[in-house]
Amino acid sequence: MAEGVVMATGARSIEAPDVGEALKQAIIASGIALILFIAIVGIKTENAQGGLALIYRFGAAFSLAATVGVVRFLFDLFVWRGLGREIMQRWLPAGTLGTVMTALVIAAYLLGAYYFIVPGSRLALAETLSDIFGDNEWRSRSRIFVELTGQLVIAVFIVLSAMGIIMALRRLFSAAIPASREAVPPAARAEKTTLAEFGQQFAPALLVIAVILPVLVAGPQQRYALDTAIQILTYIMLGWGLNIVVGLAGLLDLGYVAFYAVGAYSYALLSTSFGWSFWICLPLAGILAAFWGIMLGFPVLRLRGDYLAIVTLAFGEMIRILLLNWQSLTNGPNGISQIPKPSFFGLSFDRFGGSGTKFHEFFGLQYDAVYRIIFLYYIILALALMVNFASQRLRRLPIGRAWEALREDEIACRSLGINTVTTKLTAFAIGAMFGGFAGSFFAMRQGFISPESFTFHESALILAIVVLGGLGSQIGVVVAAVALIGSSEFFRDLEDYRMLIFGASMVVIMVWRPRGLVSGRAPTVVLKEHKVISGGLVKEGAG
Amino acid sequence: MTAPLLSVRGVDAFYGNIQALRSVNMDVAPGEIVTLIGANGAGKTTLMMTVCGKPQARHGQIVFDGTDITKLPTHEIARMSIAHAPEGRRIFPRMTVMENLQMGALLAPEAKFAEAQEMVFSLFPVLAKRRNQRGGTLSGGEQQMLAISRALMSWPRLLLLDEPSLGLAPLIVQQIFQVIRELNAKQGLTVFLVEQNAYHALKLAHRGYVMVNGKITLSGTGRELLARDEVKAAYLEGGR
């Protein structure tokens, strides 16, 4: 390495690559990698006769660690310092990352359009790829790769197209009705760029896609896709419910699953013992869950932060253990089975048996099990939208504003005459009520519930959705739920690696958006101009 | 003297076992600016918080306009039209200026919101410019103005101001004190002001109290107190 070379261009000189330092870093990096890889890669358990056998693969671990060291060494010398960095700074303008991202999005969009419009193109590409690779292992890998990326780019295509169509329609209609333009001051309209306007169509586009989803996914995969969508929507609904407690009121609740459980058991018990229908049980389940929310709220009124989190965590476990041990009521660990399935205005979705007209008979259709799934899908979509609508409205009411004020500064709240006791209790109650709705839907969908469905893992997952989405953000919850629940379904073919992807995506989000995907809080009153300031600029309220 | 708007009689207050206020007596008459000065930890803020019901007085009585408010919870006291601009401003950082003002107006009739808004914007024109900006992005002085404005939004009969000069540039302090004087002179607003900045506070106030270790040691008109040697020595001339 020639040290201390000064380039002729300008006064800037290339930072001399320090070989010794790079070597040191490389050794440290490979050492750390070795420690990790010995545990992760070096030892493997395998099913053998009479139990598990340990297989040692230290060779693989060493070669991986060595690779890490070499890559680190090369990066140190050529990319982070020295010539590589010089090239990056000089030849790649500031907007390069944006340009690359845009190019990627456009490429994904075009590929998605191709896959979407030409049926069977994905399969053909997979076949071609596997022919190139020849051997069997690579054949299945390339198929999985094409399948997964294919679904992703099709999703990109559909979402972006929907956004474009909605924007075009909106412009068309706002041009047709000039009177509606007066509502927006001219200054505000001029400030809004086309790109920003396009971005604002994201939520409406998702809504439209959600409504027509059963048609979009029609085909052999329809049932699986809708099941996944139902699961995601359930978590979105739970996320929105928890968002009221954690996001708006700032009360960290680690036991939210308790209300989900109360809702589920309410529906299960009421419907199996009294034969009440889902629509009667739903509000009752909500009321019962809200009641438990208040029960939890009272003892924790004086607690804050970590202490509140611990008590709510314990509360969640208490409910689960209660359900587990109250044999006479809940049937303990055996759970409750044969919970009535939904019916469409009294029309059963069953094929045979029972009395009354069946759904497919009434409409003169061929029997198909998917009708029930579609119906369930629309129920959960409606419920989730109701929760969203309700929480958006609540945010604009004095009570919603009081929740937000409570999150920011409790003392200031009191001095402004807000009764913090009732404010906290309503937050717990309403959040719990939405959890209860989701729970009774869950019970109806599954037809069987047991305490095992309501472990701490569920609470943690719901909280992760809210936190990753950005506290208090509605659309953030959607994106996070799709990312967390969807990805673990989506990458199912990758087996063990999907937990790796899950972890990696968490780390990426934490580094890239430490306050969650959507961190800006949208003001509820805006006069004349609309200015959103990112959460990063604003100090979090203490206390 | 007319019947006091706020009267504090023999109040003791405790934080756990530690006594913070020792038999404090104090009056604020309608239309007055009364200031309470004292060193760090003397109990000034505690007295103000005790008036607001947190901590509650263990002994003694606090009467506002003929009503005993000693044992009322804080939010009930706020509803008696006592507004409090707490120490350290405590505005809502993630809410916009307008939203902060709306929070202040929760107790006031909705019809009077526009009027109140106009009043605070004319007192502090800079807030009108910043109305859609988040509270947390304002400068310290602007945040203090917002805290006072938020308190004024409920059309209070008594304004409790806790160290409005805390951490602010002298010029801003003067501006804020000028506004307090104006509010008092034009609207007859009664103000109870806790301050460390003894000189400015005593010049502004009609009457003042000096607190040392939880006890009121001196009282008198602002001018009288300014002239007292003890006050000068302890608070005005750096303890010379």
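Trainee: How many residues does the contact take from chain B and from chain A?
Mentor: Before counting, note that this is a predicted model, in which local features need pLDDT of at least 70, side-chain atom pairs count only at pLDDT 80 or more, and totals for chains, interfaces and linings use all residues. Residues are numbered from 1 along each chain as its sequence is written, chains are lettered from A and ligands numbered from 1 in the order in which they are written, and side-chain values use heavy atoms, leaving out hydrogens and water. Contact means heavy atoms within 4.5 Å. On that rule, chain B gives 27 residues and chain A gives 34 residues.

Trainee: How much area do chain B and chain A bury between them?
Mentor: Buried area is the accessible area (1.4 Å probe) that two parts lose on being put together, summed over both. Carbon and sulfur atoms carry 58% of it here, and the total for chain B and chain A is about 3000 Å².

Trainee: Which residues in chain B lose the most area to chain A?
Mentor: Three of them together account for 27% of what the chain B side buries. They're R94(B), N132(B) and R134(B).

Trainee: Which residue of chain A meets R90(B) in a salt bridge?
Mentor: A salt bridge is a side-chain nitrogen of Lys or Arg within 4 Å of a carboxyl oxygen of Asp or Glu. There are 2 salt bridges between chain B and chain A. In the one made by R90(B), the N to O distance is 2.9 Å and the partner is D409(A).

Trainee: Which element gives the largest share of the side of chain B that touches chain A?
Mentor: Helices (H or I, at least four residues) and strands (E, at least two) are DSSP runs, numbered from the N terminus. Both α2 (74–79) and α3 (97–104) of chain B supply at least two residues to that side. The largest share, 5 residues, comes from α3(B).

Trainee: Turning to strand β1 of chain B, is S7(B) buried or exposed?
Mentor: S7(B) sits in that strand, residues 6–15. Leaving aside neighbours within four places in sequence, S7(B) is in contact with M26(B), D27(B), Q61(B), I62(B) and V63(B). The cut-offs are under 20% relative accessible area for buried, over 50% for exposed, and partly exposed in between (1.4 Å probe, protein chains only). With a relative accessible area of 10%, S7(B) is therefore buried.

Trainee: And what is the relative accessible area of V208(A)?
Mentor: V208(A) is in helix α9 of chain A. V208(A) counts as partly exposed because its relative accessible area is 38%.
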